[in-house]
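The sequence and the structure come first.

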Amino acid sequence: MRKLIEKYGSVNCIIVIICSIALVINSVIVEKSSLYEISDDLTIAYILNFLAGCQGILGKWGSMSFEKTILHGQIWRCFTHIYLHAGLIHMVMNMLALLTAGKYVEKKYGSIWYVLFFHAAAIIDAVITALIFPGESVGASAGIFAVIGILVILIFKKQISIKKTEILYLTAFFVLSLMLGAESLVIHLLALAIGLVVGSLMKKAS
């Protein structure tokens, strides 16, 4: 575990662990009525929900939406939605991108600054996009895209260099994320812009 922390950063490792635990809980504690919305076969419904769904108890109480968060004042959703994902596939893609990009940014600026920035960017992005798209959303991708934005600045300023395989994965992650619809496009581009701006300001301040 120590080697993983040294390689990827303590904050990133903790985020991965929390997201993994949340996914397991959310995939196990699910109301049957919610599962039947996926499939009449409960076994198939459990599998599909685990792979690409968020119908569990945590998704019910932690997802982000305009109605629940803004209108009903359930402010905790601004934070909890970050650690929830729409199934294993969604989480794995996000966590790989987080570990790939985040390890450089956390090592560059330190764990305390990094954890504050990651969550602040994700929350600000979520609130803004909730005002535009009222539907429910989950995932850490907003924070991750903000981190990628900072990483782009660091690469552009030649403060760090990363492997070609890492560039390929982050590029694929970027493209796929933008292809998921208008809401995804706004969420991710806004977060990326936050990262680019903050990354530029950090350079000027250094």
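A polar contact is a pair of N or O atoms within 3.5 Å; within protein, one must be able to donate a hydrogen and the other to accept it, and residues adjacent in sequence count only if both atoms are side-chain atoms. The side chain of serine 184 reaches the backbone oxygen of serine 177 at 2.4 Å.

## Basis of the values

This is a predicted model, in which local features need pLDDT of at least 70 and side-chain atom pairs count only at pLDDT 80 or more, while totals for chains, interfaces and linings use all residues. Residues are numbered from 1 along each chain as its sequence is written, and side-chain values use heavy atoms, with hydrogens and water left out.

## Serine 184

Serine 184 lies in helix 12 (residues 182–205); helices (H or I, at least four residues) are DSSP runs, numbered from the N terminus. With a relative accessible area of 10%, serine 184 is buried. Buried means under 20% relative accessible area, exposed over 50%, and partly exposed in between (1.4 Å probe, protein chains only).

Apart from neighbours within four places in sequence, serine 184 is in contact with Ser177 and Leu178. Contact means heavy atoms within 4.5 Å.

## Helix 8 against helix 10

Helix 8 (residues 88–109) and helix 10 (residues 141–156) pack at an angle of about 50 degrees, and their axes are 9 Å apart. That angle makes helix 8 oblique to helix 10. Axes are lines fitted to C-alpha atoms, for helices over the stretch in contact, and angles run from 0 to 180 degrees between N-to-C directions. Angles under 35 degrees count as roughly parallel, over 145 as roughly antiparallel, 65 to 115 as roughly perpendicular and the rest as oblique.

The crossing of helix 8 and helix 10 is left-handed. A crossing is left-handed if the near helix is turned anticlockwise from the far one by less than a right angle, and right-handed if clockwise. Helix 8 contributes residues including Ala97, Leu98, Ala101 and Val105 to the contact, and helix 10 contributes residues including Ile144, Val147 and Leu151. The contact residues divide into 13 nonpolar, three polar and one charged. Here Ala, Val, Leu, Ile, Met, Phe, Trp, Tyr, Cys and Pro count as nonpolar, Asp, Glu, Lys and Arg as charged, and the others, Gly among them, as polar.

Alanine 97, in helix 8, is buried at 0% relative accessibility. Not counting residues up to four places away in sequence, alanine 97 touches Gly102, Ile144, Tyr169, Leu170 and Phe173. Alanine 97 and aspartate 41 are 56 residues apart in sequence and 34 Å apart in space, C-alpha to C-alpha.

## Helix 9 against helix 10

Helix 9 (residues 111–132) packs with helix 10 at an angle of about 120 degrees, with axes 8 Å apart. Helix 9 is therefore oblique to helix 10, and their crossing is right-handed.

On the helix 9 side the residues include Trp113, Phe117, Phe118 and Asp125, and these meet a set in helix 10 that includes Ala142, Gly143 and Val147. By class, this contact has eleven nonpolar, one polar and one charged residues.

## Two loop residues

Lysine 158 is in the loop between helix 10 and helix 11 (164–178). Lysine 158 is exposed, at 74% relative accessibility. Its phi is near 60 degrees, a positive value in a residue other than glycine.

Glutamine 74 sits in the loop between helix 6 (66–71) and helix 7 (77–80). Glutamine 74 is buried, with a relative accessible area of 17%. Leaving aside neighbours within four places in sequence, glutamine 74 is in contact with Lys68 and Thr69.
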